[in-house]
Amino acid sequence: MRIFSELEADELFLLDITQSRVGSCIDFRLLEAIASEAFMPIGYGGGVNSLEAASRILRLGYEKIIVNSVVYRDPTIISRCAEQFGSQAVVLSIDVKQVGSKWVAFSMGGTQREEPSPLEVIKMGIEFGAGEVLITSIDREGTWTGLDIDFCRLITREVSVPVVIQGGVGSLADVRAGVYEGGASAVAVGSLVVFQKENMGVLVNHPSEADLRGLFAADSLWSA
Amino acid sequence: MIGIVDFGCGNLGSVLNMIEHLDHEAVVTGSIKVLERADALVLPGVGAFPEGMRQLKERGLDEALSRFVIEEGRPILGLCLGMQLMTTRSDEGNCEGLGWFDLETQLLPRGPETRVPHMGWNSVVTGRPDVLTEGLSDHPRFYFVHSYAVLDAPPDVTLLRVQNTHDFVAAIGRGNIRAVQFHPEKSHRYGMKLLSNFLELLS
């Protein structure tokens, strides 16, 4: 967290993808320590399945809570959190894999296949009050082969809340494609900023402001 | 020593951390006795205006802070709700504020391009020159989270404005009293520069 703060990441999402499946307790003390190192807005997701947990996390200094698996069992968690903290603090996170020509939603850290289509889940989440959607192509994560632009466009065409896309970014050009071709409001990156290059060692990094400014048209994004 | 005022409204960890990162000693406290020994004050705040005023009054901080700031002239920096509390009143709860600035806090107008609450990074433009805003980069940006704001202020107190899809006053200042609508503690390099400018006042 401290490194990304120093590297001036604009926002950071902390996602514990084993939490729901394993069912252990959220380590609030650790989350608090992490929050105090953040000099940028942060969101937390991972086993947030109650209003109390959400409230506690937000009070530790997180700007947003991120929900995924719980939504398939009880979508009212979204409305309850949105009513209390505002839609802008509630992010619906959905993991998808491409299966043939369709996309399928998965929960529990990518282990459980879900019935409703990703678009159905997203629309429902927004109806319940989610203010932002994070879509992750879990089959592309870590592959450095580019974002799923087709899926991204499918979603951004249909919804009016900000959509953040994740999974497969291998270069800054991929980031740009996510926004300009996919219609995403933002792109989330994982491997790109943790590893030196594909299949190479760990090197926590982040594009400079100059890099990012050159990537996007002058004012449109920076004012958003 | 910087006194970060704790009146039960908001998470102060990041504010403390950023100030300490800038090599300044700071303490988070709601105690008037401790704040009395501070060379400068930071009034942060997150949440609703009426609740903020209620908490300040309950702890006698409204009077104490007015004494430190207005009578004794100590430098103070208000952040987010902290800025709003310094105005005369807010639309939120139709509630009276500290009145250190003859300004009003109003609900941000909603529009097809303007989402409320205003949450996210946004660019600012400079108003009148001030130590607080000196040397901010060519394209300064800060992180905002709010539904209310000071929509208008005279040029002599306006330090920064947001002037794009949203249109409101982002920073105000008069003498020893300054305040910003955004969260410098969440605006990495830009926030650090701003806080660092504020801390310069003490040397």
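## Aromatic rings

Rings of Phe, Tyr and Trp, the last taken by its six-membered ring, pair if their centres lie within 6.5 Å. In this predicted model, such ring pairs link B:F142, B:F144, B:F168, B:F182 and B:Y190 into a cluster, and a search of the whole structure finds 7 aromatic pairs over all chains.

One of these pairs is formed by A:W103 and A:F151, whose ring centres are 5.2 Å apart and whose planes stand at 40°, so the pair is tilted. A:W103 belongs to strand 5 (residues 102-107) of chain A, while A:F151 belongs to helix 8 (residues 149-156) of chain A, and the pair therefore ties together parts that are 48 residues apart in sequence. With a relative accessibility of 17%, A:W103 counts as buried, and A:F151, at 1%, counts as buried as well.

In chain B, the rings of B:F142 and B:F182 have centres 3.9 Å apart and planes at 15°, so this pair is stacked. Because B:F142 lies in strand 10 (residues 141-146) of chain B and B:F182 in the loop between strand 14 (177-180) and helix 6 (188-200) of chain B, the pair ties together parts that are 40 residues apart in sequence. Both B:F142 and B:F182 are buried.

## Charges over rings

## Salt bridges

Side chains of opposite charge can pair when their charged atoms come close. Over all chains, the count comes to 20 salt bridges. One of them joins the side chains of B:R67 and B:E36, at 3.2 Å from N to O. B:R67 is placed in helix 4 (residues 61-71) of chain B and B:E36 in the loop between helix 2 (32-35) and strand 3 (40-43) of chain B, so the pair ties together parts that are 31 residues apart in sequence. B:R67 counts as partly exposed at 28% relative accessibility, and B:E36 counts as partly exposed at 36%.

Another salt bridge brings together B:R89 and B:D91, at 3.3 Å from N to O, and B:D91 is partly exposed, with a relative accessible area of 33%. The side chains of B:D130 and B:R128 also meet in a salt bridge, at 3.1 Å from N to O; B:D130 is buried, with a relative accessible area of 11%, whereas B:R128 is partly exposed, with 22%. Elsewhere, salt bridges that share partners join B:E36, B:R67, B:E72 and B:R74 into one network.

Terms used
Residues numbered from 1 in each chain as written. Chains lettered and ligands numbered in written order. Predicted model: local features only at pLDDT ≥ 70, side-chain atom pairs only at ≥ 80, totals over all residues. Heavy atoms only, no water. Phe/Tyr/Trp six-rings, centres within 6.5 Å; stacked < 30°, edge-to-face > 60°. Helix = DSSP H or I, 4+ residues; strand = E, 2+ residues; numbered from the N terminus. Buried < 20%, exposed > 50% of the residue type's maximum accessible area, 1.4 Å probe, protein only. Salt bridge = Lys/Arg side-chain N within 4 Å of Asp/Glu carboxyl O.
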